[in-house]
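Subject: Structure for your review

Dear colleague,

Please find below the structure that I am handing over to you. I would be grateful if you could read the notes that follow with the structure at hand.

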Amino acid sequence: MTREKWSSKTVFILAAVGSAVGLGNVWRFPYLAGQYGGGAFLIPYLIAFVVMATPILILELAIGQRMQQGPVKSLRQMHPAFGGVGLLGVISAFLVVAYYAVVMAWCLLYLLQSFAVAWADDPETYFFGNVLQISDGIGQLGGFNGPVLGALAAIWLMIYFCIWQGPKSVGRVVLYTVPIPVAVLGVLFLRSLFLPGFWAGWQLYLTPVWSAMLSPEVWTAAAAQAFLTLSVAFAIMLTYASYKNPDEDIAKSSWITALSDMAISLFAGFVVFAVLGYMAYEASTTVAEVTASGPGLAFVVFPQALSLMPLPGLFSALFFFMLLTLGIDSAFSLVEPAIATITDMKPEAKSTRVAGWVCLAAFGVGLLYTTRAGLYFLDIIDHFVVSYNAILMALGMALLGGWVFGAEALRRYINEVSDWHVGRWWNIAIKWVVPVVLTILLATQLSTDLRNPYEGYPAWALALGWAAVIVPVGLGLWMVRGQRQSVTTNRDALAESPVADE
Ligand code: PHE
């Protein structure tokens with residue numbers, strides 16, 4: 001059976017950029033920058049991005065492209081003990097998309113209400129009261145929230161029709177869903193330059209608060225954001241690369257993806273901070289005051305700012321349309337690892353049907369987040385999956401690629417097929433920098449979570465978060481249990497020219 005392929009190299013790059021550029025760039029990155037001292041956040045972020053996230057991206061593309069299989073089989077073929085790392089990535093991506101789609105459902109509800117600017121009177125009550133209809137605490141499920149449930153069903157239908165034919169349909173969709181939101185962001189940028197107060201916003205964004213750089217928390221947040229934004233450590237990029245030909249470029253595609261993603265985050269920061277500057281101007285307060293609200297940025301602070309502008313309906317509609325189109329290609333990329341893993345296991349299964357079942361299952365898990373306590377659960381699962389699963393998966397891949405398989409053997413393959421050369425620095429990044437830094441981050445995070453229960457949630461609720469870490473890790477370990485007898489790696493066979501063994 002021949003593996004499905006992207007229709008061209010450009011389509012692959014668009015799909016990779018589409019996956020990387022998502023809600024994380026426009027919503028998460030700016031609020032982190034605001035929260036952790038503006039310009040000073042940018043430095044740890046850029047460092048983590050270049051010395052850790054991008055090397056892992058190169059690694060994932062190399063593994064997927066070389067192995068031509070989904071995450072579990074690819075990693076298992078490199079070394080039998082590492083299939084479980086692939087499984088961890090697949091399950092984690094699935095857990096993420098179950099709530100990522102819910103955030104998109106909120107965007108859809110806002111889009112539908114945009115022209116009426118329904119939130120204008122009190123954006124905070126609108127978000128928590130009208131849209132989420134949030135309950136008093138995580139113990140109170142409060143039943144399903146009808147509109148969110150309906151919107152979530154619509155989002156999953158959209159996701160399904162983007163991916164139902166695998167790389168073929170994804171290839172057609174990304175031609176639109178990647179450039180359109182970037183163009184809309186450009187329009188919002190131009191608009192923001194004419195708002196009074198934009199300069200004060202930019203000042204906060206770009207003025208370093210050096211003391212923030214001494215806090216380990218800033219570095220943890222910066223590293224996690226760098227991984228998240230590049231969609232690495234969730235087996236997504238590995239899966240996408242497995243639909244490329246084994247002799248295609250790796251290094252140049254990785255850098256194009258990484259730099260586009262970074263450029264869009266930085267650019268989005270200018271738009272968001274200009275609008276916050278405007279809001280501070282309108283309310284006669286400081287920009288720091290209006291950014292302080294953190295994650296509510298996209299659904300409380302920004303909508304409020306939009307409602308203050310001339311033509312609020314139009315700009316609100318543009319903003320939420322942008323969020324939806326930004327999110328959709330990240331959402332379907334998160335579904336792909338599960339589909340690829342199942343079709344690897346059951347090649348006779350119809351892939352359109354597998355895609356349908358995976359989407360349905362993720363919708364099913366997402367139902368939890370459409371209850372009136374949904375936001376609390378979403379917050380917990382997001383915290384644990386992003387802080388532990390992604391880091392463990394990256395650590396596993398770095399150990400496999402760097403030590404077990406051998407960074408030099410992989411680099412040789414990368415350089416054999418790539419248009420751009422990858423230097424020896426990459427070996428150091430994969431073998432030393434990534435494992436050492438990630439181990440420190442993991443230990444710090446673990447000690448924080450054990451000392452202070454996350455956000456003060458009750459123990460039973462946090463147990464669910466720990467389960468989201470322990471269950472996939474346990475399944476991964478269980479999977480490799482019987483396979484320890486064969487400890488030799490396939491390095492020698494695999495390090496040979498990929499073109500020769502076609
Ligand atoms: N990279 C995307 C974003 O920044 C999507 C993503 C989210 C990928 C979470 C993996 C995990 O929004």
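The notes below concern the salt bridges of this structure.

Please bear in mind that the model is predicted. Side chains of opposite charge can pair when their charged atoms come close. The structure contains four salt bridges, and I describe several of them here.

One of them pairs D344 with R3, with 3.6 Å between the closest N and O atoms. D344 belongs to helix α16 (residues 312-345), while R3 sits in the segment before α1 (9-20); the two are 341 residues apart, and the pair thus links distant parts of the chain. D344 counts as buried, because its relative accessibility is 12% and the limit for buried is under 20%.

A further salt bridge joins the side chains of D419 and K252, at 3.5 Å from N to O. D419 is found in the loop between α18 (374-417) and α19 (425-451), and K252 in helix α13 (residues 251-282), so this pair ties together parts that are 167 residues apart in sequence. D419 is exposed, with a relative accessible area of 53%, whereas K252 is partly exposed at 29%.

The side chains of E408 and R424 also form a salt bridge, at 3.6 Å from N to O. E408 lies in helix α18 and R424 in the loop between α18 and α19, 16 residues apart. E408 is partly exposed, at 28% relative accessible area, and R424 is exposed, at 56% relative accessibility. Through salt bridges with shared partners, E408, R411 and R424 make up one network.

Yours sincerely

Technical notes:
Residues are numbered from 1 along each chain as its sequence is written. This is a predicted model: local features need pLDDT of at least 70, side-chain atom pairs count only at pLDDT 80 or more; totals for chains, interfaces and linings use all residues. Side-chain values use heavy atoms; hydrogens and water are left out. Helices (H or I, at least four residues) and strands (E, at least two) are DSSP runs, numbered from the N terminus. Buried means under 20% relative accessible area, exposed over 50%, partly exposed in between (1.4 Å probe, protein chains only).
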